[in-house]
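Reader: I would like to learn how to read the features of a structure with care, taking the general idea before the particular case. Could you take me through it step by step?

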Amino acid sequence: MRSVVSIESPADRRPVPAGRRPAWAGRQRRRLRWISLLGGTVIVVMTYFPIIFVVSNSLKTGQNIFSSGVFSLFTQFDYQNYATAWSGVSRPLTNTVIVAAASILIGVTAAAAGAYAFSQLRFRGQELLFLAYVALLLIPSTLTLIPLFLTIQKLHFFNTWWALILPYTATAQPLLVLIFRGFFDQIPRELLESARTDGCTEAQVLARIVAPLTRPILLTGAILVMINVWGDYLWPTIVIQDPHKTTISAGLQQFISSFGLNVSSGGSVFAALVIATVPMFVLVGFTMRYFVSGLTEGATKL
């Protein structure tokens with residue numbers, strides 16, 4: 001048998017005009033679009049329904065919460081729950097803001113100085129020390145609880161805010177130094193050398209040249225520290241015994257435990273959860289642009 005060889009001309013490889021495409025291609029494209037839309041809708045509902053559920057229950061009385069169904073949303077508006085919740089969590093909320101602000105100020109400053117040293121200065125064993133520094137990320141935090149607790153006791157910081165600020169600052173250093181160094185490496189050395197020639201010290205170069213140029217990533221580091229402080233529950237319950245000095249996660253648990261098995265306090269409990277969550281939503285909402293740009297630029301530069 002003689003085989004037939006099909007020769008395809010360049011004209012045959014040209015894209016088919018939209019008007020000449022088969023009908024099944026358009027139907028398949030619309031089907032995929034509807035499947036994507038349905039999948040996205042399911043994900044959004046599963047993500048935001050717990051938040052809506054908590055907000056709805058924060059406006060109900062305890063009896064109404066247990067008598068109504070899960071999907072019975074916003075059937076009652078009892079704003080007294082928020083007044084009760086605020087009286088219980090306002091102090092821990094203020095403590096958290098203070099601890100987070102101090103941790104950010106010390107932690108980001110120390111990480112920027114360390115990253116600048118690893119990036120712009122030259123000394124013996126630099127890379128080895130940097131690898132050892134970053135290797136701290138591989139150590140689980142639970143392994144350091146007992147040594148850290150003993151250190152806090154030796155320094156007489158037990159039951160003080162320093163027992164929170166210093167560990168939060170220290171544990172944030174490896175990740176922040178790793179991220180910051182990737183940014184500092186991209187700064188032209190000629191720019192820094194010109195600042196040194198004009199008489200600037202290394203601290204002045206960092207504060208006047210490097211910090212303004214890397215503001216998005218510094219803000220990203222501040223947000224990471226803030227999230228860590230805000231969501232930590234274990235460490236404050238270990239080193240803080242005074243309820244007037246505890247942070248929001250532990251304070252929220254103390255507020256919930258104060259009601260015991262009282263069913264009528266359910267609305268106040270949900271209101272306290274909303275109050276504890278809203279500041280982080282506001283923070284991330286206003287800083288998301290800087291946070292995303294800092295992480296994406298760091299990913300490309302690292």
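Author: What follows is a dialogue on the fold, the salt bridges, the backbone and the surface patches of this chain. The model is a predicted one, in which local features need pLDDT of at least 70 and side-chain atom pairs count only at pLDDT 80 or more, while totals for chains, interfaces and linings use all residues. Residues are numbered from 1 along each chain as its sequence is written, and side-chain values use heavy atoms, with hydrogens and water left out.

Reader: How many helices and strands does the chain have?

Author: Helices (H or I, at least four residues) and strands (E, at least two) are taken as DSSP runs and numbered from the N terminus. On that basis the chain has twelve helices and zero strands.

Reader: What share of the residues counts as buried, and what does the chain expose?

Author: A residue is called buried under 20% relative accessible area, exposed over 50%, and partly exposed in between, with a 1.4 Å probe and protein chains only. Of the 302 residues of the chain, 32% count as buried. Accessible areas come from the Shrake-Rupley method with a 1.4 Å probe, and for residues only the protein chains shown count as cover. The chain exposes about 18600 Å², of which carbon and sulfur atoms supply 68%.

Reader: What part of the contacts joins residues 24 or more positions apart?

Author: A contact means heavy atoms within 4.5 Å. Among the contacts in the chain with a separation of 6 or more, residues 24 or more positions apart account for 72%. A separate case of distance in sequence is given by P216 and R289, which are 73 residues apart along the chain and whose C-alpha atoms are separated by 9.1 Å. P216 is found in helix α9, residues 215-231, and is partly exposed with a relative accessible area of 24%.

Reader: How should I read a salt bridge, and how many does the structure hold?

Author: Side chains of opposite charge can pair when their charged atoms come close. The term is used here for a side-chain nitrogen of Lys or Arg within 4 Å of a carboxyl oxygen of Asp or Glu. The structure holds four salt bridges, and one of them joins E127 to R181, with the closest N and O atoms 2.8 Å apart. That pair links distant parts of the chain, since E127 lies in helix α4 (residues 126-134) and R181 in helix α6 (residues 162-184), 54 residues apart.

Reader: Which residues are linked with R181 in a network?

Author: E127, R181 and D185 are linked in a network of salt bridges; in the pair of R181 and D185, the closest N and O atoms are 3.9 Å apart. R181 counts as buried because its relative accessibility is 10%, whereas E127, at 43%, counts as partly exposed, and D185, at 39%, also counts as partly exposed. Elsewhere, the side chains of E202 and R196 meet in a salt bridge at 2.7 Å, N to O. E202 is partly exposed at 31% relative accessibility, and R196 is partly exposed at 21%.

Reader: Where does the backbone have a positive phi at a residue that is not a glycine?

Author: Most residues other than glycine have a negative phi. In this chain H156 has a positive phi of about 60°, and N159 has a positive phi of about 65°. H156 is found in the loop between α5 (145-154) and α6, and N159 lies in the loop between α5 and α6 as well. H156 is exposed, with a relative accessible area of 69%.

Reader: Which residues make the nonpolar surface patch?

Author: Patches are made of residues with over 30% relative accessible area and no salt bridge, where like charges are joined within 9 Å and nonpolar side chains (Val, Leu, Ile, Met, Phe, Trp, Tyr) within 5 Å. V44, Y48, I51, I52, F74, F77, Y79 and F281 make a nonpolar surface patch of about 810 Å². Its largest share, four residues, comes from α1. Y48 has its place in helix α1 and counts as partly exposed because its relative accessibility is 46%.

Reader: Which residues gather in the patch of positive charge?

Author: Lys and Arg count as positive and Asp and Glu as negative, while His and the chain ends are not counted; the place of a charge is taken as NZ of Lys, CZ of Arg, CG of Asp or CD of Glu. R27, R29, R30, R31 and R33 gather in a patch of positive charge on the surface. Among them, R27 lies in helix α1, residues 23-57, and is partly exposed with a relative accessible area of 44%.
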